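Please keep the structure open while you read.

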Amino acid sequence: MISGAEAVIRTLEGFGVDTVFGYPGGAIMPVYDAMLDSSVNHTLTRHEQGAAFAAIGYARASGKTGVCIATSGPGATNLLTALADAYMDSIPLVAITGQVPNAAIGTDAFQEIDVLGLSLACTKHSFLVRHADELCDTLQQAFALAAEGRPGPVLVDIPKDIQQGMVEYHPPLTAHTNGTAGIGDFPLEQAHQMLKAAKRPVLYVGGGVGMADAVAELRQFIAITGMPSVATLKGIGAVAPGTPGYMGMLGMHGTKAANMAVQECDLLIAVGARFDDRVTGRLDTFAPDAQVIHLDIDPAEFSKRKAAHLSHSADLKQVLPAMAMALECGPWRELCDQRSRDWAFSYDAPFEGIFAPRLLKTISDRLPKGSTVACDVGQHQMWVAQHMEFDGPETHLSSAGLGTMGFGLPVGIGAQFAHPDKPVLVVSGDGSFMMNCQELTTIKRAKLPVKILLLDNQRLGMVKQWQELFFEERYSETNLSDNPEFVAMAAAFDIPGAHIWREDQVEEALEQLINSDGPFLLHVSISEKENVWPLVPPGASNSDMMEKQS
């Protein structure tokens, strides 16, 4: 028999958890006290949202389940945005929150809130532990649910009296598998017939490939079939840069080559993707002539938005090798490659000041292999997806489904904890950076070598772009010209930095950013006039992309 708080910590140790992120408070104090005598390393962030995002970064970079801890009331509610982000992007996460004692539940006690009720819409599952003998089993269920099948966040709300009371501890059972059916009853003959009949096949790669640890199998499938490929925002990195037929991201800000290939294909194989609205554009015009094979771990996604002719929730690591066969699609792939060259982004056009896409392309070429980029949300996020290259999906950390500003900095911190010896670059915008800039203290406290590239157009860039294009240039609350001096801000946290605004300053600044021994912030002033191109207008077909006017 041990205290409930000790049981929480021992369960974390039993699952091999060595790193957690959190912020203490009254209702979770017993757990924090027990942590002092454990092998679990706790990182104090300066906001609970920062803790949960750091846990997401740790999970995405490491492939393990992330863990965050908060107290009751505002501590727990501050986690919810990040839990929603993890839910939308299928990230394995366990959030442990303190709750007022059982006797006080329902009395409007100090810092009491119905965390169970609030979290139901943004978690895979939520628990409120009401009895001491449920604690160990509940925690073990939480870790199993977070990782198995389609991963996601699980919340465990633990009243303070259960943390302080005595429980019978039993260690975790063996690790759970992801619950996929293997190749099982997969209709392999039908899939091969569809592949043989296709003249213009396209592979549509989503974030599920990385979550299934099937990147190697996917790359081998592409090598054998010779099939052209495209990726979602979260699927970027699964296809190796330079792979013949790879056309980059598709969708609202996808490449012209990727979108046109999907629109013209006669077979679309969606792997670990869910036909998100930012990918498909106007759904009834998306891939209009294609038969669809949909492989995903979650059967609820099948034909939810786009009807599939063949669908299966099989293990990608087994199904992709079984499906692979040489295809006669050479001329189609050559056309896709030719279009990629003809419609490639241009970096040579004269531009006043610093051209962000060219800067990001230069940084991408110079970063050490295996570097992780954690990106915030906005125009810079789309430029990163368009102009940088990634060795694997775990090296491109971007908020895809929820699109959460304030994501980049704490996620980069979590990624640095996952891989202390690998370079981590946070790419942020001036709007996003201000939402979780308090985590600069976490970098200082933990002495993390996180590099920060801050692209500053003194605007909420993506909102401003839509106001310009779709709201008759009526700019409402998107002017951020009262931004602080970002280098001075970083200096207040003992983080060196530099500010540049001319092209002739780029070379020296990148040398400082990439080669600094510790953290570094590079503040780059860019023009507020520059927009992200191409763009599929909301409600339009992917065939109707808007392109930059010369």
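Leucine 402 is partly exposed, at 35% relative accessible area, where buried means under 20%, exposed over 50% and partly exposed in between (1.4 Å probe, protein chains only). You will find leucine 402 in the loop between strand E16 (396-398) and helix H18 (408-418); helices (H or I, at least four residues) and strands (E, at least two) are DSSP runs, numbered from the N terminus. Together with Tyr87 and Met88, Leu402 forms a nonpolar surface patch with about 240 Å² of accessible area. Patches are made of residues with over 30% relative accessible area and no salt bridge, joining like charges within 9 Å and nonpolar side chains (Val, Leu, Ile, Met, Phe, Trp, Tyr) within 5 Å. The areas come from the Shrake-Rupley method with a 1.4 Å probe, and for residues only the protein chains shown count as cover.

A note on the basis of all this: the model is predicted, local features need pLDDT of at least 70, side-chain atom pairs count only at pLDDT 80 or more, and totals for chains, interfaces and linings use all residues. Residues are numbered from 1 along each chain as its sequence is written, and side-chain values use heavy atoms, leaving out hydrogens and water.

Now to the strands. Threonine 372 has valine 424 of E17 as its bridge partner, while valine 373 stands opposite histidine 396 in E16. E15, helix H17 (residues 379-387) and E16 make a right-handed β-α-β unit, meaning that with the strands pointing away from the viewer, the path from the first strand over the helix to the second runs clockwise. Histidine 387, in helix H17, is buried at 5% relative accessibility.

How many salt bridges does a search of the whole structure find? The search finds 17, each being a side-chain nitrogen of Lys or Arg within 4 Å of a carboxyl oxygen of Asp or Glu. Three of them are listed here.

| Salt bridge | N to O distance |
|---|---|
| Glutamate 301 and arginine 150 | 2.8 Å |
| Lysine 304 and glutamate 301 | 3.0 Å |
| Aspartate 504 and arginine 502 | 3.0 Å |

Glutamate 301 is buried at 6%, and arginine 150 is partly exposed at 23%. Arg150, Asp298, Glu301 and Lys304 are linked in a network of salt bridges. Elsewhere, aspartate 504 is exposed at 59% and arginine 502 partly exposed at 38%.

Finally, some backbone geometry. Most residues other than glycine have a negative phi, and most peptide bonds are trans. Serine 303 has a positive phi of about 60°; this residue sits in the loop between E13 and E14. Tryptophan 533 and proline 534 are joined by a cis peptide bond, with omega about -5°.

Notes:
Two strands pair if DSSP finds at least two bridges between them.
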